[in-house]
Amino acid sequence: MILARGVTMLLVWAILVMGLARAYAGEKAALTAGCAAGLVAGTIFGFFLFAAVPGEIPFFIIKSALAAAFISLFIVAAIVWYRGTAAEGDRPSVRHAVVAITVFLFAAGYGLLLVCRLPYGTDNSQFMALLLILLAMLGLWMIVYRLEPLLPNIGMAKGGTSLFAVSLLLFIASLSPRLDLFSPLSMKVMKLIHDFVHQFFESMLIPDHPFFRTDIWNYIGLLFSNGVGFWGGLAIWFIPTTGVTLATFREPLPSVAHVRQAAVRRKLIAAQLRERRRRLFFPLFAGLVMAAAAFNSSHPSVEYWDPKPLAVKADSAGEIVLPVKDGDVDLKDGKLHKYLYQKGAQKVRFFALYRSGELTVVLDACSICQPDGYGQNEGTVICYYCKTLIPLETVGKPGGCNPIPVPFAVDGSGVHLSAEMLVNTWVAQVQSEKKLPGGGK
Amino acid sequence: MLLRVLKSSLLNRPKAIVLLLLSITMGAAVATAFLGIYGEISHKMALELRSYGANILVEPAAAEDGADLDEADLKKIKTVFWKYNITGFAPYLFGIVDLEAGGKKARGVVTGTWFGKELEVEGEEPSIQGVRVIAPWWDVAGQWPQAADEAIVGVSLARRLGLKAGSEIVAGKNGRSRRFKISGVVTTGGYEEEQLFAPLPTVQGLLAKEGRISRVLVSALTVPMDDFGSRDPATMTKLEYEKWYCTAYVTSVAKNVEEVVAGSRAKPIWQIASAEGSLLKKFNMVMILLTSLALAASAIAVSTSLMASMAERQHEVALMKTLGADRLQVVTIFFGEILIISLIGGVLGYLLGDQLAELVSRIVFSSKIKSPFWLFPTAILAAFAVAAAGSVVPLRRALLIKPVQVLKG
Amino acid sequence: MPVESGTCIIETAGLTKRYGDICALAPLDLQVSEGEWLTVMGHSGSGKSTLLNLLGGLDRPTAGRLLVGGEDLLAFSEDHLARFRREAVGIIFQQHHLIPYLTALENVMMAQYFHSVPDQAEARQALERVGLGKRLANRPGELSGGEQQRVCIARAIINSPKLLLGDELTGNLDHKSTRLVMELLKELHEEEHFTLVLVTHNQEVAGWGGRTLFMDDGKLVKDLRHERKGDDPS
Ligand SMILES: Nc1ncnc2c1ncn2[C@@H]1O[C@H](COP(=O)(O)OP(=O)(O)OP(=O)(O)O)[C@@H](O)[C@H]1O
Ligand SMILES: [Mg+2]
């Protein structure tokens, strides 16, 4: 699973570098510098962010940055729409600094997301994974630089570069439900339409309007359905790529009226069309990537819902309090919420889950397997170690590969747990390499 | 222009097109139908196979006669690690007794068991356990025993003694005897048809073996055995052992049960355990094979009809080449045609295959299936695959056409 | 009218085509100037079509040198040769090879499509120019032999080739249609300045050109320059 993540990240990296190398073919130095600096800055900033700021805030920051990038695509699309998309390659006036800064931003975004996608767990494994991935990236970089000139002759439309890079970043984000932008977008759209329709009809004040028969009300009801949010979100999602694609199409071809011989004229037109078609590659590719991102987002079950554990601290009385509702976080949303409590070197991962109408709190480990943790998939949680599916209803019951339950109390202020009890239960019940059942006799 | 050419070509050669469309549609339809019922069937098969009974037999470890197990351990079966995988179990206590009914005498086996006992285990949901759970195919003419002195009798024993529902039978051993009222006659298709089945406590009293049982049959949901599962746990490293213990192989579940039933040895009933795994595996193979065969067949059909039409159209190809079409342009035109046809064929095939799948599942499994949404793209892809595979040879042939030889001046 | 003296458009040296033992074309040296109207005559099997196919880039010679428009056809790859055909050559055959399911207009546009992009207005003009302005939407099956041949001519000249090749293009036509087609060719030849090479068995057709080659058994036996028939006021 971690391997799959790593491979995906590397693949995206290769595509990103390949595209950028093609977009700024004449600017290899600026490209390399910007890329390297951006990547390093992004990862370091990412680590710093997660270390310094607790809870959901780092995700919020990264998500906001992504949203800003997405919104900037609209600006790009608007500019392209009014200015045309003549190939950037035709204008050698793109300055090194501009290239370097652009590339820096993209690479930094990638670095940030890379940190988010790293496995949690002991710090060592995280750094090892990062080191491995960075090494592999370096290797890929070399290969990609070699391969890039072999690519077919595809030009880069103006605006295509940012479209391409941002869409790749959004794709990575869509792989993790916490960073995904598409679902919140659809939610917003749905809410907006909902509110609008509500107020619009409220102002008419007539539920039994003589002109509105039931079937018409049914159509109005359609506006409230989930589908509206999805399709509306989808429409907005694709505006930038569609905009740039259409702008490329819309752009008038240079006049060939001065050429007298018809066959020659046609040949010129054909060449121009071919060139324009090449410029369409990147916007269309970006569109595909965006589609993949939207798909990932609406089919999150492809990956187990497995949020990064939130670090929690015990108060002076040795009690950990998890608020049931805190901003975006709602413990009763039926998804598992992971937490990490650390006392000295001892880390305790546990999660809270609302199922069968009750909250339950269990360790992120069972008493038999290595504590690889659990992920949630519709109706079940899976033990990553032995791949056993455990029905949600039985989470909170002891035994088998079920996560180890811990005592807790719920009141108005939230879920109360004893920190000491957590540590003790973990130490006493969770398997480590030293303590195996029976031991291969 | 390309579209114009394709349109004219498709509209003006109905015979060839219909033939092609037919083969592609068939391919897509068969693929859709197979895949549509596939998921449904393997699920149903697993359940149906499951109903063929227990797959773990728990017996006393000691080999001597008269060794037995403690009934009190039965509850622990519901508390083992794999308790959620154990769908049911039933204890048995056998004894050879003298039977007497309506003047006829015979020696026979009386078996004490649970028919459908409500089992309460602390900390677990109450469940029903017994023969009715693990042997649902037992066919009882009459009633299952309700009271302590009711019994059911195997059909061949009943025939021998002339018993039927409502008759009475006396079983005696070592001076003790007990009168049973026959509530039903059971057909099982196995050796059980020679036995008399009565509630466990009653038989324990009769045989003076209070609280004892001879064996337990356990029915568990297991994962199919693979190479790793069939390794000897004794040879495993700690990590491997842990993984093995943690996977619901029939062997590891058996071991699990054995640990809680004192003095027992639990062994998988291999016929069922392996039949289950290998049957499903074989079924998967058959399905995949059939689907690929069907696709290959329609690809060949596509290939033949394309070949025929290519022979007809070789003048056309030669002409295009004479006009200066390069290989890509020739391929574009012909492949474009095939692509359009296969798109139509894919849609038609999907509709057809969906109906077919529904029909099959209604006839064979008498159940409705709802086709998953991914079936549609799969059907289209199958159509494309068939078309692409079928057009390789004809297209190669087209590219090899030499204008000079075809267009003799 | 004297032979137009221009640059050489066709230049062959030792051009040979062999089919196994059969020598379809003996080593042939030939120079044709730009804008010339050349007729090739000879018995059946004398290698006329073979020569024409080689000139049109439809076939490759066994040996020899072949320059058309200064380019060495032997060095071309298959696809390059295709490009040469669509850009530099127009070919007309005896059997009017039109695509049966396309209209006259679409048949002409097909050549434009392979060449670059289709242009309906231009294709219509070309058909009007060969006198088929009213038969644009008819399929080949609905046209007479002469009309089909004129569609072929419109298609052959649509991409302004340097070289127009005709293999017995009047072979299936009666006297009147032949004359019609020849007059059309003459008109086009004067306007478009292409070089025309016609293969024919027909003495009369040969008369329309300014130079006639006589071939026998793959060899060039006579190379005759003469008056052009269309020029004399008959
Ligand atoms: N593909 C081939 N294989 C073998 N021999 C061939 C082939 N094509 C042509 N030939 C031979 O080459 C010779 C020249 O043929 P070509 O077609 O050039 O004759 P032609 O002068 O055009 O005759 P016609 O006036 O009858 O059309 C003939 O003898 C013919 O048999
Ligand atoms: Mg000939």
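**Entry 1: ligand 1**

I began at S49(C): one of its polar side-chain atoms sits 2.7 Å from an oxygen atom of ligand 1. I count a polar contact as a pair of N or O atoms within 3.5 Å. The model is predicted, so I note that local features need pLDDT of at least 70, side-chain atom pairs count only at pLDDT 80 or more, and totals for chains, interfaces and linings use all residues. Residues are numbered from 1 along each chain as written, chains are lettered from A and ligands numbered from 1 in written order, and side-chain values use heavy atoms, without hydrogens or water.

I then looked at the backbone. A polar backbone atom of G45(C) is 2.7 Å from an oxygen atom of ligand 1. For G47(C), a backbone N or O atom lies 3.0 Å from an oxygen atom of the ligand.

Which residues come nearest to ligand 1? I found S44(C), G45(C), K48(C), S49(C) and T50(C), out of 14 residues around ligand 1. A residue is near if one of its heavy atoms lies within 4 Å. The site is shared between chains, because residues from chains B and C surround ligand 1.

**Entry 2: two helices in chain C**

I took helix α3 (residues 104-115) and helix α4 (residues 120-129) of chain C. Helices are DSSP runs (H or I, at least four residues). Their axes come within 9 Å and cross at roughly 120°. That makes α3(C) oblique to α4(C); oblique is what remains after under 35 degrees (roughly parallel), over 145 (roughly antiparallel) and 65 to 115 (roughly perpendicular).

From α3(C), the contact uses A104(C), L105(C), V108(C), M109(C) and Q112(C). From α4(C), I listed Q120(C), E122(C), A123(C), R124(C) and L127(C). Contact means heavy atoms within 4.5 Å. By class, I noted 6 nonpolar, 2 polar and 2 charged residues.

**Entry 3: two helices in chain A**

I turned to helix α2 (residues 28-52) and helix α4 (residues 96-117) of chain A. They pack at about 35°, with axes 6 Å apart. Their contact has 20 nonpolar, 7 polar and no charged residues.

**Entry 4: V155(B)**

I found V155(B) in helix α4 (residues 155-161) of chain B. Beyond neighbours within four places in sequence, V155(B) contacts V185(B), V186(B), T187(B) and E193(B). G189(B) is 34 residues away along the chain, and its C-alpha atom is 9.4 Å from that of V155(B).

Methods
Axes fitted to C-alpha atoms, helices over the stretch in contact; angles between N-to-C directions. Nonpolar A, V, L, I, M, F, W, Y, C, P; charged D, E, K, R; others polar. Polar contact = N/O pair within 3.5 Å; in protein donor to acceptor, adjacent residues only side chain to side chain.
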